[in-house]
Amino acid sequence: MHYNCRNTEYPGTYGKVIRFHVPNDKVSWKEPYSEYNPPTYTSPALIGKPWADPEIGADGFHPENEWNNNKGTVNRTNGNYFYEIDKDGYPINPVGRTGLKGRGVLGRWGPNQAGDAIVTRWRTIDGNIKYSQKGKPILEFLSVRRADCGEWALPGGFADGNEPIENTVKRELLEEAISSDFSYLNENEIEPAKKMLDDFLKNGDLIYCGYVDDRRNTDQAWITTTALHFHDEKNEVFGVIKTEAGDDAMEIDWIEIDQYIRLYANHKHFIRDVCKKLNAHFV
Ligand code: RP5
């Protein structure tokens, strides 16, 4: 089920693009919805951009053999989840109706690959790990406040071309949440600190790979993310490395995790899975 990409105006269109109403019981394509007549919107900003697809049917654009695979120049997989193509050659949102056709502001038809970084450490009080009433240790995670909507989110962003998604995750985390100016360290501390950060970001654990309930999704284009987890068990990395909001993050913070956190898209689900993995407090 998706919620964020239904029954709202399309982001950034100042009320000019309103989605067709889709009640919960009509999200599934299997449910007949004869009245369904969504408008079409593709942002003019996409036209001619090298990172965006041309229109379906345009000369020289033949994605027919690329859907659901990563064999061409663009990764068109949706995690491990298959999506269908309609009779006119358009990919079909695998979760269901969104009330809008076209690509919106998304560059690719079908899946648009993104990566997210989940960086955690234990919440402490006076140097001791904080525990919940049920006796579970409490985590905190590095969160960014998005400049476009003001919501708190995981640091993340779109893949540049067909770059390996581990690189996307690392690049976005560094751009949005970590200071690139190491002058707060002594000269002889800088290289070891950079190496430590680099090593830390080498081995992210895969938490999720698939569809994101993002407010920019449409019936024909959506965001697919790979969320990787990095845990700083003894605060050895972030005890040294300074965090700092950058790029399209307005603010950053270490947010204490519990079931009430409110996050962009369905990022909260990834956080819940990290808590399960580390047997940490969530509910
Ligand atoms: C979300 O949008 C993804 O999970 C990722 O966090 C983000 C990518 O979009 P930008 O942050 O680059 O706008 O769906």
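The largest nonpolar core of this predicted model has 31 residues, a nonpolar core being a set of buried Ala, Val, Leu, Ile, Met, Phe, Trp, Tyr and Cys residues joined through side-chain atoms within 4.5 Å. Buried stands for under 20% relative accessible area, exposed for over 50% and partly exposed for values in between, with a 1.4 Å probe and protein chains only. V119, L173, F230, F238 and I241 have the most contacts inside this core. At least two core residues come from each of β3 (110-122), β6 (139-146), α1 (165-177), α2 (187-200), β10 (221-231) and β11 (249-256). Helices (H or I, at least four residues) and strands (E, at least two) are DSSP runs, numbered from the N terminus.

As to the numbering and the model, residues count from 1 along each chain as its sequence is written, and side-chain values use heavy atoms, without hydrogens and water. Because the model is predicted, local features need pLDDT of at least 70 and side-chain atom pairs count only at pLDDT 80 or more, while totals for chains, interfaces and linings use all residues.

Which residues does V119 contact, neighbours within four places in sequence left aside? They are E140, F141, L142, L173, F200, F230, F238 and W254, where contact denotes heavy atoms within 4.5 Å. There is also a second, separate core of 18 residues, with I207, A227, I255 and I257 among them.

I turn to the ligand. Around the ligand are D116, R146, G156, G157, F158, V212, D214, R216, I223, T225, Y264 and H267, each with a heavy atom within 4 Å of it. An N or O atom in the side chain of D116 is 2.5 Å from a ligand oxygen atom. For D214, a polar side-chain atom lies 2.6 Å from an oxygen atom of the ligand, and for H267 the distance from such an atom to a ligand oxygen is 2.9 Å. Of the 360 Å² of accessible area that the ligand has on its own, the protein covers 93%; areas come from the Shrake-Rupley method with a 1.4 Å probe.

H267 also belongs to helix α3 (residues 267-277), whose buried residues are H267, F270, I271, V274 and C275. These residues lie on the same side of α3 because they cover an arc of only 145° around the axis, taken from the directions from the helix axis to the C-beta atoms. Their cover includes β3, β6, β7 (152-153), β9 (205-211) and β10. Just after α3, N279 takes a positive phi of about 50°.

Key. Polar contact = N/O pair within 3.5 Å; in protein donor to acceptor, adjacent residues only side chain to side chain.
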